[in-house]
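Hi everyone, thanks for making time for this. Let me put the structure up, and then we can walk through a few spots together.

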Amino acid sequence: MTTILGSDAFRRRLMTAIGASALLAFVPQCDDAEQTPCATPPWRCFDLEFAASCGDAGAAGAAGAAGAAGAAVPSTCPDPSEVRECATSSGWIIKDTPAVQNGTRCCYEETKLCPGGRPFTVGSVARTASSVGRSDWSRSLESLEAAVGDAADAAVIARGWLEDAFAEHASIASFARFTLDLLALGAPSDLVLGAQRAGLDEVRHARLCFGLAARYSGESVGPGALEIQGALDAPDLGSFAARTVREGCVGETIAALNVAEQARWATDPALRRALEGVARDEANHAELAWRAVRWAVAQGNASVRGAVARAFDEAMRSVAATRSRAEPDLRGHGRLRSVDQDQVKARALIDVVGPCAQALLLG
């Protein structure tokens with residue numbers, strides 16, 4: 001099976017979007033198809049120049065590497081202890097295992113880490129609409145083969161799609177607020193246009209997921225009222241940027257890779273095509289969020305940059321151990337297992353969010 005959205009290609013795309021493509025030579029590069037030494041056990045690979053300057057500069061990381069350009073580069077990889085502080089500041093936890101040198105690259109073994117759509121949060125609580133019986137929010141995939149032999153499995157599939165539907169519906173509100181925040185802060189027109197388009201994308205995503213839930217359950221359910229009280233406080237650049245990090249740079253990046261993984265496993269052609277479209281939309285939304293944060297950091301002062309750095313740091317600390325529990329394998333119907341979701345989240349945070357956040361903050 002192949003995926004339409006690999007973490008390495010996604011990282012490169014976001015680096016370009018935030019104007020940090022020049023730093024790609026100084027951040028870990030592991031091609032998605034590469035098997036050694038970037039597969040199992042997990043390894044974090046650095047260019048030799050980055051590893052050497054990282055050891056010299058500590059938490060300065062890629063900035064130190066850039067500043068060290070032209071300096072003598074040692075021929076062997078630094079000890080793990082010399083690069084750990086720099087790596088940890090970007091969300092990578094390096095073991096004491098000696099480095100494996102592969103040409104001009106130094107690969108260090110990582111601690112095994114692992115856990116859609118843009119959430120609508122008020123304070124620290126994600127809000128979704130109430131549930132009511134209605135069919136006008138459902139988009140049907142007429143050619144979808146939704147037959148499931150076990151009724152319990154069908155119920156699990158339907159419940160999963162319904163949860164996704166309410167999350168996608170809440171994303172509409174999140175983008176509506178995002179648009180208002182951009183307008184209140186005097187943002188460029190391309191960001192406002194992107195926010196408006198993204199909100200329309202989420203309407204389509206919600207309708208698709210409500211339709212899938214109905215197809216597997218035989219019952220039409222849709223969104224009722226969504227509580228928005230307290231969601232529209234006047235923004236400042238710092239709070240806007242931090243929330244965009246959490247909901248967009250992190251949430252949408254994870255969502256894009258998660259839906260791409262769902263599409264990779266889906267066996268029904270109609271479902272797979274629909275999910276591939278959603279994955280492309282979510283990738284566009286993630287790119288929009290990174291561009292918006294870059295703009296906010298450029299417009300703001302040190303406190304804005306600090307708010308962004310703290311938001312990224314909190315996100316990197318959210319990587320959790322892989323959940324292991326008995327679950328039916330329903331990936332053919334687009335439903336990932338907990339272990340799959342955990343691994344996608346880990347890959348998103350470690351391979352994409354961490355390096356891109358570092359590049360953005362060093363820019």
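Let's start with a backbone detail: just after H1, Gly19 has a positive phi of about 75 degrees. Before we go on, please keep in mind that this is a predicted model.

Now step back into H1 itself, which covers residues 7–17. Which residues are buried there? They are Ser7, Asp8, Phe10, Arg11, Leu14, Met15 and Ala17. And what covers the buried residues of H1? The cover includes H7, helix H8 (269–299) and helix H10 (338–362).

H7 brings me to my next stop. This helix runs over residues 237–265, and Glu247 sits in it. Is Glu247 buried or exposed? Its relative accessible area is 2%, under the 20% cut-off, so Glu247 counts as buried. Who are its partners, then? The side chain of Glu247 makes a polar contact of 3.0 Å with the side chain of Ser174. If we set aside neighbours within four places in sequence, Glu247 is in contact with Arg118, Pro119, Thr121, Ser174, Arg177 and Glu252.

For contrast, let's finish in helix H6, residues 189–217, where Arg197 lies. Arg197 has a relative accessibility of 53%, and because the cut-off for exposed is over 50%, this residue counts as exposed. How far apart are Arg197 and Asp281 in sequence and in space? They are separated by 84 residues in sequence, and their C-alpha atoms are 9.8 Å apart.

That's my tour, and I'm happy to take questions!

How values were computed:
Residues are numbered from 1 along each chain as its sequence is written. This is a predicted model: local features need pLDDT of at least 70, side-chain atom pairs count only at pLDDT 80 or more; totals for chains, interfaces and linings use all residues. Side-chain values use heavy atoms; hydrogens and water are left out. Helices (H or I, at least four residues) and strands (E, at least two) are DSSP runs, numbered from the N terminus. Buried means under 20% relative accessible area, exposed over 50%, partly exposed in between (1.4 Å probe, protein chains only). A polar contact is a pair of N or O atoms within 3.5 Å; within protein, one must be able to donate a hydrogen and the other to accept it, and residues adjacent in sequence count only if both atoms are side-chain atoms. Contact means heavy atoms within 4.5 Å.
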